[in-house]
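Come along while I look things up, one entry at a time.

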Amino acid sequence: MFNNTDSKFIWKNGKFQKWNESTVHLMSHTLNYGTGAFEGVRAYKTEHGPAIFRLQDHTDRLFNTAGKIDIEIPYSKEELNEAQKNIFIENNLDEGYIRPIVYLGAESLGIRAFDLSVNVAVAAWEWPSYMDPEAKERGISIIKSSYEQYSNPLHSGNKIIGTYINSTMALHEAIKAGADEALLMDKDGFISEGSGENIFIVDSNNIYTPTTNHCLNGITRQSVITIAKDEGFNVIEKDLTYQDLVNADEAFFTGTAVEITPITKIDNSPIGSGRRGEITHRLQSIYEDVISGNSEKYRSWLSYAKPLKSD
């Protein structure tokens, strides 16, 4: 995943440092207890240079998550936005992934996380696609996981570092079973999400997605809901059963990493025709225009790493 790290930098606590020299102390509270927050952000190549997708929304969520676990980020949102733009330029990237992360220091150890330093870092690297690019057309297979999604909204609804072991185990289980991804159910037996993606199903030209009671209200999820409604589709947030997915005409995941990826098989049974559906394809095409800077309608969702040249 990480290429040419000897020529890359990481922004850490207000300064650039060499990628291979960026370290975290063994006794960091975050390493030991998982008390920290992070974001996953994508930037795309456009005719005006690299553009970060919904930068402000990601930064807002980072601050919101940190606040929920009693961490006060020692930088302003504007400073973090600039750091994310600058690290992309510093690493000479046209497109890729950005990881802002907030973690606690090693001044003491114990469950109590008071009086510890708050560290903030931003890394950026090439990451053209989380899934096999062909999966955007072919679709992926998923299995119903034996791992239930967290019932605590603090865990399931925020990007807190220590809460992702559940997703890791669910994904490992899916891969070992020969599938591409996992489907997690919530404590009430309804569909929650994938290991790191939101899910949508299409039935009779209506688009359904689970409520966010037990899953992350993903920024890509929000974007797709907006696009779909603008296209005239009826988007319904409701409790969805496993059988709803099995009987669906189409299904797809959304997320920063997967963007919009069709789901064509669940537990070895085809969904709909077993191929990417027309509505999924239509949303993919619009989304591709948005992130590549070719959509005037959603241009405000892009933040350019370099100032735009005036005509």
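**Entry 1: the largest cavity**

I began inside the protein, keeping in mind that this is a predicted model. The largest cavity has a volume of about 50 Å³. I then counted, and the structure holds three cavities of 30 Å³ or more.

Which residues line the largest cavity? I wrote them down as Asp186, Phe190, Ile191, Ser192, Pro210, Thr211, His214, Cys215 and Asp239. Sorted by class, that lining has four nonpolar, three polar and two charged residues.

Ser192 sits in strand S10, which runs over residues 191-193. Is Ser192 buried or exposed? Ser192 is buried, because its relative accessible area is 2% and the cut-off for buried is under 20%.

**Entry 2: a pocket**

Next I turned to the second largest pocket, whose volume is about 260 Å³. Its lining is made of 15 residues, and those nearest the centre are Tyr44, Lys136, Glu259, Glu288 and Ile291.

Which elements each supply at least two residues of this lining? I found strand S4 (41-44), strand S15 (259-266) and helix H9 (278-291). H9 gives the largest share, four residues. By class, I noted six nonpolar, three polar and six charged residues in the lining of the second largest pocket.

Two of the names nearest the pocket centre, Lys136 and Glu259, came up again when I looked at charges. Together with Arg42, Lys136 and Glu259 are linked in a network of salt bridges.

**Entry 3: salt bridges**

How many salt bridges are there? My count came to 13, and I followed a few of them.

- The side chains of Lys187 and Asp188 meet in a salt bridge, at 3.4 Å from N to O. Lys187 counts as partly exposed, at 43% relative accessibility, and Asp188 also counts as partly exposed, at 46%.
- Glu237 forms a salt bridge with Arg221, and their closest N and O atoms are 2.7 Å apart. This pair links distant parts of the chain, 16 residues apart, with Glu237 in strand S13 (residues 234-237) and Arg221 in helix H7 (residues 219-230). Glu237 is partly exposed at 43% relative accessibility, whereas Arg221 is buried at 2%.
- Asp230 and Lys297 join their side chains in a salt bridge of 3.8 Å, N to O. Here too the pair links distant parts of the chain, 67 residues apart: Asp230 is in helix H7, and Lys297 is in the loop between H9 and strand S17 (302-304). Asp230 counts as partly exposed, at 38% relative accessibility, while Lys297 is exposed, at 55%.

**Entry 4: a charge without a partner**

Then I looked up Glu197, in the loop between strand S10 (191-193) and strand S11 (198-203). Glu197 is buried yet has no salt bridge. Where is the nearest side chain of opposite charge? That side chain belongs to Lys159, and it is 10 Å away. I did find a polar atom of the Glu197 side chain 3.3 Å from the backbone nitrogen of Ser195.

**Entry 5: loops and backbone angles**

I finished with some loop residues. Asp70 has a phi near 60°, a positive value in a residue other than glycine. Asp70 lies in the loop between helix H2 (55-68) and helix H3 (77-90), and Asp70 is exposed, with a relative accessible area of 66%.

Ser204 also has a positive phi, near 55°, and is likewise a residue other than glycine. The loop holding Ser204 runs between S11 and strand S12 (206-209). Why does Ser204 count as exposed? Its relative accessibility is 55%, and exposed means over 50%.

My last stop was Ser151, in the loop between strand S8 (140-144) and helix H5 (153-156). Ser151 counts as partly exposed, at 39% relative accessibility. The C-alpha atoms of Ser151 and Asn213 are separated by 8.6 Å, though the two residues are 62 apart along the chain.

Conventions
Residues numbered from 1 in each chain as written. Predicted model: local features only at pLDDT ≥ 70, side-chain atom pairs only at ≥ 80, totals over all residues. Heavy atoms only, no water. 1 Å grid on protein atoms, 1.4 Å probe; cavity = no way out; pocket = protein on both sides within 12 Å on 5 of 7 lines; lining within 4 Å. Points joined across faces, edges and corners; volume = space filled by probe spheres on them. Nonpolar A, V, L, I, M, F, W, Y, C, P; charged D, E, K, R; others polar. Buried < 20%, exposed > 50% of the residue type's maximum accessible area, 1.4 Å probe, protein only. Lys, Arg positive; Asp, Glu negative; His and termini not counted. Salt bridge = Lys/Arg side-chain N within 4 Å of Asp/Glu carboxyl O. Polar contact = N/O pair within 3.5 Å; in protein donor to acceptor, adjacent residues only side chain to side chain.
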